[in-house]
Amino acid sequence: RKDPKDSEMEEDDAEDDDDEPKKAKKKTSKKPRSSDEESADEEDEEEESEDEDDEKEEKKEKKVKKKKADSDDEIDWSGDSESSESDTDEEPEEAKPLSLEERRKRWLKKPDEPSKKDKKKEKEKEKPKDKEGDDGETKQKIIKETKLMKERYLDIDFSNDYVAEQHLKKMKKATTDSNTFEEMNEPVLMKMYIQVKKEQLRVEILYSLITGMFSVIKGHVDYFMHRDKWNYVITFINELLDLVNNKVDINDRRMNKLNFYKFLESAHKELHTAFQRLQPQNVEYVKRLHDEHKLIHLAERVLQHYKNKQDDHNVAKTSLIILSHLYFKHDSVYRKMTKLVELKPENERSKFYILAPGESEKKISELVQNVYNEGYSRTYPIQATLYQIYHHAIHNRFYKAREQMSTSQISKLINKQEEEVQILFNRTNVQIGLSAFRIGLVEECFDLSKEIANYGKLKDLLAQSVKPNSTEKQMRKEKKRFVPAHLQID
């Protein structure tokens, strides 16, 4: 039999071998231990483990207390939510009766908070307001700067060509709107136009003056260019034509941009809007009728300019502008004008555009032929033939007018044309019927004017009235299509 002490020694040796396999085994034997010592060691180990467990439990309790304290701080005790049950064994206090306001707060719905989309929309609405304020501040700054620049420029002597050229370049680079052009650029350019003598610089100054004056656009419907300003523009275009016809050395870029038809068309539109907006009883209306002669003289010069360049397209368009100012004039008007012009001095006689009694028909036929020679557009020949038929009708050439209207077959194409051409078509039909009545052909007059008379709204078809009780859009359309008083059929 083995001794129990020897078995304990062997177990201790085995544990040492497991912990330190690399070390050599010791042959020395240990001292034997008693059973009392072993039981004392086991009790010490149990006490240490119990101490460790107690420390762990204390730490857990501390953590739980901290979490409860934090949760108590975060809880909104004034809210309507039910209080959680307490873990303590204390008896709950008696609940106090709620007031009416507290009951309402509990049961009524709370207003929903705005969503993210609504917040974004509100921010977007607020942004343009800030921009408008910024724009107002920037405009005020620009106006102050323009006033200072105007004072500086007006003090400069532009008789030196180099100084004038440098300042003209600066003015072109500066981004200015229409209001700043009227305030600063226009008076400065007028001063440069008077003082500068170099022809090339004068071309640049005149071009910038004309384009700037026409670019000034007002938002109101009844706006039109003032008469003095309009006369300045006509003189500037005439002088620019003189410089170009004298073959001044001009850059190719500038020559390509010099479109005299656009200048003529814009001047024609401004005069037409003045006739539309002014009342015929006004004195300015009569003065504007005298200004029409200046426009026709300018149009004749532009027509000759494009004929020399063999530009058929612009020749046709300028011919239409001249026709629009000649087709409604009777030969008797030219006779009365010649008598009045003979009373005036010779210097002023050339300002009036007067045709001999037999020349009006030839002149209009020549202009119509210019339009037909263009050959590209379809609307131009229709408009030109209607002008010619109208001119035949007011001179009681009924058969010519009726034959030309039937052969041209305009009635089949008129529905596809613009509103201005349709109004002109109605006016020519009425004039053909009146010419038949003046000759004594009552039946033909009745047949021609039957369709228009049965419609009922004759003034609307002839664009000789504006409805007072109408919307803004309708008023704008009617004012644009309105025929001036001296062109109306009474």
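His305 is found in helix H11, residues 283–308; helices are DSSP runs of H or I with at least four residues, numbered from the N terminus. The model is predicted: local features need pLDDT of at least 70 and side-chain atom pairs pLDDT 80 or more, while totals for chains, interfaces and linings use all residues. Residues are numbered from 1 along each chain as its sequence is written, and side-chain values use heavy atoms, without hydrogens and water.

His305 counts as buried because its relative accessibility is 9%, buried meaning under 20% relative accessible area with a 1.4 Å probe, protein chains only. Contacts (heavy atoms within 4.5 Å) are listed below, leaving aside residues up to four places away in sequence.

| Residue | Contacts |
|---|---|
| His305 | Leu241, Val244, Asn245, Phe260 |
| Leu240 | Val203, Leu206, Ile210, Leu258, Phe260, Phe263 |

Leu240 and Phe260 are among the residues with the most contacts inside the largest nonpolar core, which has 94 residues. Such a core is a set of buried Ala, Val, Leu, Ile, Met, Phe, Trp, Tyr and Cys residues joined through side-chain atoms within 4.5 Å.

The largest pocket holds about 1500 Å³ of space. A pocket is an open set of points on a 1 Å grid where a 1.4 Å probe fits, with protein on both sides within 12 Å along at least five of seven lines; lining residues have an atom within 4 Å of a point. Its lining has 48 residues, with His268, Lys269, His272, Glu420 and Lys480 nearest the centre. Helix H10 gives the most to this lining, 12 residues.

Methods
Buried means under 20% relative accessible area, exposed over 50%, partly exposed in between (1.4 Å probe, protein chains only). Grid points are joined across faces, edges and corners, and a volume is the space filled by probe spheres set on the points. Helices (H or I, at least four residues) and strands (E, at least two) are DSSP runs, numbered from the N terminus.
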